[in-house]
Structure formats: C-alpha cells, structure tokens
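Welcome! Please take a moment with the sequence and the model below, and then we will walk through them together.

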Amino acid sequence: MDIHNYLWVAKYRPKQLEDIILNNIIKSAIKGFIVQNNMPHCMFIGKPGTGKTSLALILMNHFTNNDNDRLFLNASDDRGIQSMRDIVIEFMKTPPYSSRYKIVVMDECDNLTNDAWLIIRNPIENEQTNPDYLTRFIFTANYANKVPDFMKSRCAVFEFSSIPKDAMMSKVKNILKNENISYNEEELSNLIDYYYPDFRAVINNLQSLCIDNKFSFSSTLASIHSMAEILLDTIESTNVSHIKQNITQIRNIVHTTDINPVEVIRYVLNEKDVSLPTYIVLNRYLNTFNNVLDKNAHFIAMIYECILFNQKCGKLSCKS
C-alpha cells in the first residue's frame, strides 16, 4: 500500500521511544526496561490520544521479533470470557518462538467484562499457563476506576498526562510540512484547542480538513457552532411547533453535511452554560455514540430526551 494513502494517525504514529511525548518519570522507567531488556506487566492509564497505545506498540516491537510472539487485542471487541480462554490463555501456554518475551497488548482494557478479568487474573501468575512467566501483558485504559484493583496490583501502573499544546502544535506543523499542506496558524491553534487533549482526534481531523493541499478549519467550526445554537434553542423551547421545525432543520443538516454530532455535543458541554438536566443527558450520550449504528438517529433521540428531562426536572444551570 502506498504510504501516502495511509491514515495520518497511523503514518505518523511514533515508532521509537525518542519520538513519543511522555513525562520524564514514565520515559525514564521505560528506558530502564529497554536497557535491562526486562519488563513487568504494565498498565497505561490516561485520557484518549495521550500516547498509551503508541508506547505499548513500541515495547511490543522491542521485546518481540516475530508475529508468533505478539498478540494485540482491542478489548472493546474481544471483551468476554470466550476471548480470554480461546485467544489469550491459549497464546500464553507456549513459550516464546524466538523473542525475549511474548507480549499481549490489551488495548482499552477498561471495556473488559468482570468475568473476563477474573478468567485471566490467576493464569498470568500461574507457571502452567504462563511457562517461566515469559508472557508479559501491557494493558491500556482510559478510566482507572473501571480496572479491578487486583489487576492493577499485578502491574506497574503508569498514569499518562495530557500532551502540552505547544508540543502538539510542533508535531502538527511537521506533518503539514511533510504533506506539503499550507495552513493558517490561528486556525491550526483553534483545531488543537477544540480537540485537546486528544492528539489522535487532532490528527484525524487535521487530515479530513486538508483539501487541495490547504488546511481550513473555520468553515467546519462555524457549522458546529451553528448546529449547537439550533440544538440549544430546541432543547430550551416550550413551543411544540418551534421544536418540530427545529428538529426538521437538524435532520436536514445531519443528513446533508459531514458534521459529527459528537463534536457538536463537546462544543456545547465545553463552551455553553446549559441546564443541569441537559448536561447530564449530553454527557451520557457522548459516551455512547461509538456503540450505535446510526449516530444521527441517536442524536435526535438525545434531543428529545433532553427536552423531556428538562420539563421534568426544571432548568437549574449546571454552573449554579
């Protein structure tokens, strides 16, 4: 595949420890693992887009030299007992083919079921299922409270902080220079501010907003702001006819534009003073959009629920 057709988030993913932006404590510890050619089970916890998966892959590639000794699972997909028994434990039972260790990366492990955690808890430390303890695990998670304490205690736990904005700006400029894309620095700064601290979201949206070798964010941002105003006007209205008219307008916009409903919700939550019931509903829906087939229908359902919840609970501001 031509590298120019790659997703930028994959093309520019850090390949070496020196390329990844980490705090000094984490970087020093990881350097120690590499120098000593030895590592414990690790757990990387932090917000999306802070480098957890990139670092896990760097360690996997350092400690293994062939695909037989590598197992990468996205726990959003492989999250139950059957996957742990049939895939993970079976992988552990044989010694490394030709590597220092066998490495299992469990990405987004905070999505594992409780039963899945219980299934792998003891085999990790059992020499019958993990011969000579040569299979090492790297877990990544967005939410520490969703990972059982008994699993944290089996790992070296590292908490990832947000990447500084100036470091993001430097990386993004290098990408645009490499891709021969012209840009306005203020718009670039607005893009980073909008998606911060998720650097992966910054790069994904950076690529989608580069057309004919030019980056532009202003029109997209204006569309998001416009949709947000209509959304709030609909939620706060008590006029049934006006609500129906706005819903029709919103349906037309989401079906004829590329506006991501999630971006509209993020903007409202971050920039607008909304009622407490609205804030609760928007936050709950924000975390469910990746699990539905039709995001637009989900968006409309969210609006109706906001209206009903406001009518039931009143409109106390979440900033009151």
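What percentage of the 320 residues in the protein chain do buried residues make up? Buried residues make up 46% of them, where buried means under 20% relative accessible area, exposed means over 50%, and partly exposed lies in between (1.4 Å probe, protein chains only).

A word on the source comes next. This is a predicted model, in which local features need pLDDT of at least 70 and side-chain atom pairs count only at pLDDT 80 or more, while totals for chains, interfaces and linings use all residues. Residues are numbered from 1 along each chain as its sequence is written, and side-chain values use heavy atoms, with hydrogens and water left out.

## The whole chain

The secondary structure of the protein chain comes to 14 helices and seven strands. Here helices (H or I, at least four residues) and strands (E, at least two) are DSSP runs, numbered from the N terminus. Along its principal axes, the C-alpha trace spans about 70 × 50 × 40 Å. Of the contacts between residues at least 6 apart in sequence, 75% join residues at least 24 apart; contact means heavy atoms within 4.5 Å.

## The sheet

Five strands form an open sheet in the order β2-β3-β4-β1-β5, with parallel pairing. Strands β2 (70-74) and β5 (156-160) stand at the edges with a single partner strand each, so one side of each is left without a neighbour in the sheet. Neighbouring strands of this sheet are turned by 15° against each other on average, direction ignored. Helix α4 (residues 81-92) packs on the sheet and touches β2, β3 and β4, and its direction makes about 155° with that of β2. For such angles, axes are lines fitted to C-alpha atoms, for helices over the stretch in contact, and the angles run from 0 to 180 degrees between N-to-C directions.

Let us follow β3 across the sheet. Two strands pair if DSSP finds at least two bridges between them. Strand β3 (residues 102-107) pairs in the parallel sense with β4 (residues 135-141) over five bridges, and β2 and β3 also pair in the parallel sense over five bridges. Methionine 106 of β3 stands opposite leucine 73, and methionine 106 also stands opposite phenylalanine 139 in β4. Isoleucine 103 has arginine 136 in β4 as its bridge partner.

How many of the six residues of β3 are buried? Six of its six residues are, and the strand is mostly covered. Lys102, Val104 and Met106 point one way from β3, while Ile103, Val105 and Asp107 point the other way.

## A buried lysine

Lysine 27 is found in helix α2 (residues 24-36). Lysine 27 is buried yet has no salt bridge, and the nearest side chain of opposite charge, glutamate 18, is 7.3 Å away. A salt bridge is a side-chain nitrogen of Lys or Arg within 4 Å of a carboxyl oxygen of Asp or Glu. For charge, Lys and Arg count as positive and Asp and Glu as negative, while His and the chain ends are not counted. Leaving aside neighbours within four places in sequence, lysine 27 is in contact with Leu17, Glu18, Ile20 and Leu22.

## Cysteines

How many disulfides does the structure hold? The structure holds zero disulfides, a disulfide being a pair of cysteine sulfur atoms within 2.5 Å. Cysteine 109 is in no disulfide, and the nearest cysteine sulfur, that of cysteine 155, is 8.2 Å away.

## Loops and backbone details

The peptide bond from tyrosine 196 to proline 197 is cis, with omega near 10°. Proline 197 has its place in the loop between α8 (185-195) and α9 (199-208).

Two residues other than glycine have a positive phi: glutamate 108, near 55°, and asparagine 180, about 60°. Glutamate 108 lies in the loop between β3 and α5 (114-121), and asparagine 180 in the loop between α7 (165-178) and α8. Asparagine 260 sits in the loop between α11 (240-256) and α12 (261-271). Asparagine 260 and isoleucine 138 are 122 residues apart in sequence and 32 Å apart in space, C-alpha to C-alpha.

The table gives the accessibility of several residues.

| Residue | Relative accessible area | Class |
|---|---|---|
| Cysteine 109 | 0% | buried |
| Cysteine 210 | 15% | buried |
| Asparagine 260 | 24% | partly exposed |
| Glutamate 108 | 26% | partly exposed |
| Asparagine 180 | 60% | exposed |
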